[in-house]
Amino acid sequence: MTKKQDVEFHLPSLEHRQFRDDEFWKEIPGWENIDRETFADAKWQLKSSIRKVEQVEKVLGDKVSKELMDDIRAGQHITPMNIRITPYVFSLIDWDNPIDDPLRKQFLPLGSQFLPDHPYDMGDSLAEDVDSPVPEIVHRYPDKVLFLPITICPVYCSYCTRSRLIGGSTEAIPKDTYGASKAKWEPVFEYLKKHKAIEDVVISGGDAFMLTPEHILHIGRSLLAIPNIRRIRYATKGIAIFPQKILTDDAWYEAIRTVHQEGKAMGKQVVIHTHFSSPIEITRWSQLAMERLFSDGIIVRNQAVLQAGVNDDVETMVLLTRKLGWINVQPYYVYMFDMVPGCEHFRTTLREGIEIEKAVRGTTSGFNTPTFVCDLPGGGGKRHVASYEYYDEENGISVWTAPNVKPGEVFTYFDPIHKLSVEAQKRWGDEKLRKLMVEEAIKKAGF
Ligand code: SF4
């Protein structure tokens, strides 16, 4: 083999080092007079968030067509999630082409985009309620629990996996949304003390951005005081959709910093997990927020969701990965879309997930490369996309096991029907045939 002396490495481009820093919100008629200082104010962002269809029309004025507004209104009859969008995200949407915009798709659904639900969709697709020994926690993995202290978020994602709980009832789904309550958390802390195998707690929901500084401190200190708890992760989409809070809500920031410092002094990890799904979400504001967190030594990891029309192409996923790496967010996971109602238009096939991961791997360092996973319907936990036992690609049926989470159980994940061949789509239309196909796939997997 010839040794190359001077290798010209191929870099896709250096676009990932460029960050939008213009006053983009001034393109929104309702915010054309908002100066940078006001836009940076976390209180203003929260107060000015879009929560109703009428507000969309009000801030956009002539920028939005009647047809689009009608389509947005139609979407409200179908979507499992309420509208809540920060001005930051709302003004990053390309309002000259809102139909194709990845941010509009994530936060402002159109009636025309919905597809019929998959027959095996479930409100609680990941079977979290079954794995909940005490209200507000999910205990699935031997040493880790998910703690859900709140069911509100600074934005509502149309594709939320917990749409059965998060963000208040919609026309399509009644919900048991709950707010933060210290009294309800005592049984959680008791459970964690009693189960000494648990070392790792993810504080999610909902979104940790919506916990008060007092709640952040109370939860953090209560967990740090439990000897077996070694790792705490505050989960928030906030850095992606509301970086101004990191920059100007000093009381909240100080609470996180304090828990991190106190954890560090005890030899325990306190980190943030966030959720950027599109490179468009990453601007100079995100970079500034990350500079503050990084300077305080707070590690941030990212969990994206693979979404059709948002990030399901190699170029976008590579750009997202490299951009995150540049601002010191570690790209940790990319999830296959969960099988929840109202989201079929977002889903990709397992094969697409596998191929995108193959293409992303090698474009940057391994520790900065996300692992693509499928969170198994029925509660098998996260499995690497290529670790299925059997995959019938013609009918879009994959068969899985989860030896450490649910030994002896078999799980299935299904590709979106509209992406299958016409013949396979017909087979899925026949209830008896569909059951037989699933049984056959399980048999072929050796179970
Ligand atoms: S921020 Fe997370 S919990 Fe909240 S709506 Fe989005 S996906 Fe759901």
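Predicted model: local features only at pLDDT ≥ 70, side-chain atom pairs only at ≥ 80, totals over all residues.

1. Once neighbours within four places in sequence are set aside, His 215 is in contact with Ala 180, Lys 182 and Trp 185. His 215 itself belongs to helix H8, which spans residues 213-224.

2. Is His 215 buried or exposed? The relative accessible area of His 215 is 13%, and since buried means under 20%, His 215 is therefore classed as buried.

3. Helix H13 (residues 314-326) packs with helix H14 (residues 350-360) at an angle of about 55°, and their axes are 10 Å apart. The two helices are therefore oblique to each other. The crossing in which H13 passes H14 is right-handed.

4. Which residues meet where H13 packs with H14? From H13 come Val 314, Met 317, Val 318 and Thr 321, and from H14 come Ile 356, Ala 359 and Val 360. By class, the residues of this contact comprise six nonpolar and one polar, with no charged residue.

5. On the scale of the whole chain, the domain assignment gives domain 1 (15-111), domain 2 (137-387) and domain 3 (390-447). Taken over C-alpha atoms, the centres of domain 1 and domain 2 are separated by 23 Å. The contact between these domains involves 37 residues of domain 1 and 49 residues of domain 2.

How values were computed. Residues numbered from 1 in each chain as written. Heavy atoms only, no water. Axes fitted to C-alpha atoms, helices over the stretch in contact; angles between N-to-C directions. Helix = DSSP H or I, 4+ residues; strand = E, 2+ residues; numbered from the N terminus. Parallel < 35°, antiparallel > 145°, perpendicular 65-115°, else oblique. Left-handed = near helix turned anticlockwise from the far one by under 90°. Contact = heavy atoms within 4.5 Å. Nonpolar A, V, L, I, M, F, W, Y, C, P; charged D, E, K, R; others polar. Buried < 20%, exposed > 50% of the residue type's maximum accessible area, 1.4 Å probe, protein only. Domains from an automatic or database assignment.
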